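Okay, everyone, thanks for coming.

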Amino acid sequence: MCVPDWMADTPTPRSVAIVDDDVRIRTLLRLELEDLGALVVCFSSAKEALDGLLGASFDLVLLDVGLPEMDGIACLRQLRQQGLATKVVLMSGHWDPVDAEEVRAAGADGYVVKTGLPALLAELMDQAH
């Protein structure tokens, strides 16, 4: 791909997928990430995420643990079994050591409490591939 000279010093934007059933959380995270220069796609359920993430190219996925019908841990297990190698950080409204252990076992790259997430977004994006 040819990059115009005026864009040569512009970093490639990170692409981030947000998976959360709460529209307020999706909107807040999308706005924060867009302010950081990310390209953002949102999904409101595990099914949407399974359909939309496989075969797509994202640098980072923020996946809610407490999704209805299929929780984020089960969704992540399926994504990993189907070959998703993207960095995935699971997020929850509260810290639960049992969830934290399940999250690691499912193949997550991180586990964060949603209240602290906005302060971590820039760091998470920097760590994304």
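This is a predicted model: local features need pLDDT of at least 70, side-chain atom pairs count only at pLDDT 80 or more; totals for chains, interfaces and linings use all residues.

Residues are numbered from 1 along each chain as its sequence is written, and side-chain values use heavy atoms, with hydrogens and water left out.

Where does Thr86 sit? In the loop between helix H3 (72-81) and E4; helices (H or I, at least four residues) and strands (E, at least two) are DSSP runs, numbered from the N terminus. Setting aside neighbours within four places in sequence, Thr86 is in contact (heavy atoms within 4.5 Å) with Phe58, Asp59, Leu60, Val61, Arg80 and Asp109.

Now, H1. It covers residues 23-35, 13 residues in total, and spans 18 Å from first C-alpha to last. At its start, a side-chain oxygen of Asp22 comes to within 2.8 Å of the backbone nitrogen of Arg24.

Which residues of H1 are buried? Arg26, Leu29 and Leu33. Looking down the axis of H1, the buried residues fall within an arc of 75° (taken from the directions from the helix axis to the C-beta atoms), so they line one face. They pack against strands E1 (15-19), E2 (39-43), E3 (60-64) and E4 (87-92), and helix H5 (117-127). On the face turned away from that buried side, you get the exposed residues Arg24 and Asp35.

After H1 comes Gly37, with a positive phi near 95°.

Conventions: The expected span of a helix is 1.5 Å times one less than its number of residues. Buried means under 20% relative accessible area, exposed over 50%, partly exposed in between (1.4 Å probe, protein chains only). A polar contact is a pair of N or O atoms within 3.5 Å; within protein, one must be able to donate a hydrogen and the other to accept it, and residues adjacent in sequence count only if both atoms are side-chain atoms.
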